[in-house]
Amino acid sequence: MGLDRGRRSIGARRNPDSADAILDAAEAVLVEAGYSGFSIEAVARRARAGKPTIYRWWPSKAALLFDVYQRLKRVAYPDTGNLEDDLVGFLKSLFSHWRETSSGSIFRSLIAEAQSDATVAAVLAEYAKGRHAHSGQMIERAKARGEVATDVDSTLVADLVASFAWTHLLTNRLDEDETTLRKAVGYLLKGIAPPGNSPPAIRQRSRRRRIVG
């Protein structure tokens, strides 16, 4: 009954009930058949929806899969008052999510397919732009606190953080410990710190070296 009610289209705008039914079906097909067995036809059959309806709201298989991915995504964007802790917390949350749910394999497959499919590449680029702008807010907050040089491009820094994360996803190294993540973040923060300033962890290590010397 709910699916029949949801299938009533409201034109180019998504009917929320129908969209939820299609996303539920897409997630179920993905779990059962995997990325290689995922198809719009299979989703349409499971959701009892017409393919034209699905393609009107999701112009490609990749677009639908990105919505499934975002629906599953549960990642923290901490606001601790310290950029190092924010970025380490974000990476720990992201790696854990990719490692412990199906989202990691979905995203890995989409990145791989984007290398040979221009449509997937375009959807990936649009998704990345939105995500990097979102995580860039952590950089902007740090800039306001004086932790980051005022001329630093926050979106570009977020892109660097994402590049580190994507490399680990694609090489299946999602079990890095916090020490390694903190070291990587420390290297990044050293490059974007204001002149004459450096991240607290780097200053602490420098003090320890002076004491030992």
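Ile40 sits in helix H3, which spans residues 40–47. In this predicted model, Ile40 is a buried residue, since its relative accessible area is 3%, under the 20% cut-off for that label.

**Around Ile40**
- Leaving aside residues up to four places away in sequence, Ile40 touches Lys51, Ile54, Tyr55, Lys61 and Leu64.
- One of these contacts, Leu64, lies 24 residues from Ile40 in sequence, with the two C-alpha atoms 8.7 Å apart in space.

**Where H5 meets H8**
- Helix H5 covers residues 61–72 and helix H8 covers residues 118–145; their axes come within 9 Å and cross at roughly 30°.
- Angles under 35 degrees count as roughly parallel, so H5 and H8 are roughly parallel to each other.
- The crossing of the two helices, H5 and H8, is right-handed.
- On the H5 side, the meeting residues are Ala62, Ala63, Phe66, Tyr69 and Gln70, while H8 brings Val120, Val123, Leu124, Tyr127 and Arg131.
- Sorted by class, this contact of H5 with H8 has eight nonpolar residues, one polar and one charged.

**Around Ser154**
- Ser154 belongs to helix H9, residues 154–170.
- With a relative accessible area of 6%, Ser154 is buried, because buried means under 20%.
- Not counting residues up to four places away in sequence, Ser154 touches Gly136, Ile139, Glu140 and Lys143.
- With one of these, Glu140, Ser154 makes a polar contact from side chain to side chain, at 2.4 Å.

Key: Residues are numbered from 1 along each chain as its sequence is written. This is a predicted model: local features need pLDDT of at least 70, side-chain atom pairs count only at pLDDT 80 or more; totals for chains, interfaces and linings use all residues. Side-chain values use heavy atoms; hydrogens and water are left out. Axes are lines fitted to C-alpha atoms, for helices over the stretch in contact, and angles run from 0 to 180 degrees between N-to-C directions. Helices (H or I, at least four residues) and strands (E, at least two) are DSSP runs, numbered from the N terminus. Angles under 35 degrees count as roughly parallel, over 145 as roughly antiparallel, 65 to 115 as roughly perpendicular and the rest as oblique. A crossing is left-handed if the near helix is turned anticlockwise from the far one by less than a right angle, and right-handed if clockwise. Contact means heavy atoms within 4.5 Å. Ala, Val, Leu, Ile, Met, Phe, Trp, Tyr, Cys and Pro count as nonpolar, Asp, Glu, Lys and Arg as charged, and the others, Gly among them, as polar. Buried means under 20% relative accessible area, exposed over 50%, partly exposed in between (1.4 Å probe, protein chains only). A polar contact is a pair of N or O atoms within 3.5 Å; within protein, one must be able to donate a hydrogen and the other to accept it, and residues adjacent in sequence count only if both atoms are side-chain atoms.
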